[in-house]
Amino acid sequence: MKAPTLDELRRYAIARTLFKPTTLPAAIKKLGFVQADPMRAPARAQDLILRLRVNDYKAGDLEQRYTRLAIEEDCFVNYGFVPRDWLSLMHPRTERKPWDAERKRHAEQLLDFVRQNGPTHPKELLEAFAHHGRMPGYWGGELNVSTQLLDGLHYRGHLRVKRRDSGTRVYEAISHPPADDSPEARRARAQALMDKIVALYAPLPSASLGYLTTLLRYGAPHLQAETRAVCKAAKDRYAHAQIDGETWYWPLDEKPRSARHRAPEGVTLLAPFDPVVWDRRRFERLWGWEYRFEAYTPAHKRTMGHYALPLLWGEEIIGWANLRVEKGRLKHELGFVEKRPAGAAFKAALQDELAAIERFLGLD
C-alpha cells in the first residue's frame with residue numbers, strides 16, 4: 001500500500017475530526033473524550049470544541065444538559081468528559097500516591113458525609129470540615145485540605161460529579177464493581193483504551209502515540225505496563241506508514257489517502273485543546289510552524305497572546321486569534337504566520353466565523 005503524503009495526512013486529520021455537525025450525544029460519542037478547561041476565553045475549551053460539531057450549540061449547553069447525558073467527568077489522558085461506558089475500563093482505579101493515615105481518615109469522613117446527605121456542594125463540606133485545615137496549592141497559595149480530598153475521592157472513583165452549579169462540581173457517592181484482574185482482561189482493557197486514543201487523535205506520529213500512552217497513566221495508572229505493551233506492539237494493531245523517516249498510525253478501517261476527505265470551507269477558529277491541534281508535535285509536522293498555548297506564560301513573554309485560537313483557512317492553519325467580550329460585544333485580534341490573506345473571500349469568511357461565535361456566546 002502506498003504511503004500517504006503529508007498533504008494527504010493533513011487533509012485526513014482535519015476531515016475525520018471536524019465531522020459534519022450533529023446532536024450533542026452523537027458528537028460526544030463520535031469524539032469519545034472532550035477535554036475540559038475552566039478558563040473562559042471567550043468560552044471554556046469543552047464548549048469551543050463542541051460548538052464546531054453540534055448543531056446550534058451554545059456556550060454552557062454541555063453543563064446544562066450534563067445530567068441527561070450518559071457521560072461522566074473523569075480523567076482520561078487529561079481531565080474532561082467521557083462516555084459513561086468507559087468507566088469500566090478505568091475503574092476501580094488504583095491511586096498513584098496513597099494517602100497517609102490522617103488524610104485517609106479525613107477522606108473517609110468526607111465520603112461518609114456525602115453518602116448520608118446525597119448530592120453535596122463543596123461549600124457544605126468546607127463548612128463542616130474546616131478543621132481539616134489548609135495545604136499548599138498546585139499553582140501557589142493555599143487550598144482547603146477538604147478541597148484536595150474531594151478531588152482525590154473523585155479521582156479514586158468514590159465520588160462522581162452529579163451536576164455543576166454555576167460551574168462548581170456537586171458530588172454524589174458512587175461505587176464501581178470489581179474488575180476482572182486476570183492478565184487477559186487487563187490487556188483487553190488496555191487495548192480498548194489505546195484504541196480510543198488512536199480513534200480521537202489519529203493520524204499520530206510514533207512519538208505522539210508514546211506521549212499519549214504516558215498520559216494515560218492519569219486515567220488508568222494501574223494499567224501502565226499493559227498500555228506500554230500495546231504501544232510497543234502498535235504496528236501489529238494499527239494501520240501505519242513510514243513518512244519522512246517517521247512512523248504514523250491510524251485506525252485499521254480508515255484510509256488517509258481517500259479523495260473523500262475534505263477540509264471545511266471558510267475560516268474555523270479552533271480551541272487550543274481541539275483534537276485537530278492538541279498534539280503540538282503533529283501540528284508542527286503538518287503545518288510547518290510551532291503553535292504555543294501561552295495562557296500560563298508571563299504576559300511580557302507571550303508571542304501569540306493569552307488564549308490564541310488557531311485559525312484554520314481551508315486546510316491550512318495560517319495564524320491565530322485572541323477573542324474577548326467587552327460590553328457585550330466580541331473583540332478580536334489576529335496574528336499570522338506569514339501575512340494576512342488578501343481579498344474579499346477571507347474577509348467574508350472571517351466575519352462569518354466571528355458571527356457564528358457571537359451566536360454561540362449568545363451575543364447576537
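Mentor: Start with a facing pair: Cys75 stands opposite Tyr79 in E3. This is a predicted model: local features need pLDDT of at least 70, side-chain atom pairs need 80 or more, and totals for chains, interfaces and linings use all residues. Residues are numbered from 1 along each chain as its sequence is written, and side-chain values use heavy atoms, without hydrogens and water.

Trainee: How many bridges join E2 to E3?

Mentor: Two strands pair if DSSP finds at least two bridges between them. Strands (E, at least two residues) and helices (H or I, at least four) are DSSP runs, numbered from the N terminus. Here five bridges join E2 to E3 (residues 79-83), and the two run antiparallel.

Trainee: In what order do the three strands of the open sheet lie?

Mentor: The order is E1-E3-E2, with antiparallel pairing. E1 (34-35) and E2 (71-75) are the edge strands, each pairing on one side only.

Trainee: Which residue in the turn between E6 and E7 has a positive phi?

Mentor: Ser166, at about 50°. Two residues separate E6 and E7 in this hairpin. Six bridges join E6 (residues 159-165) to E7 (residues 168-173), again antiparallel. Val161 stands opposite Tyr171 in E7.

Trainee: Is Glu8 buried or exposed?

Mentor: Buried means under 20% relative accessible area, exposed over 50%, partly exposed in between (1.4 Å probe, protein chains only). Glu8 has 16%, so it is buried. Glu8 lies in helix H1 (residues 6-17).

Trainee: What does Glu8 contact, leaving aside neighbours within four places in sequence?

Mentor: Contact means heavy atoms within 4.5 Å. Glu8 contacts Ala3, Pro256 and Arg257.
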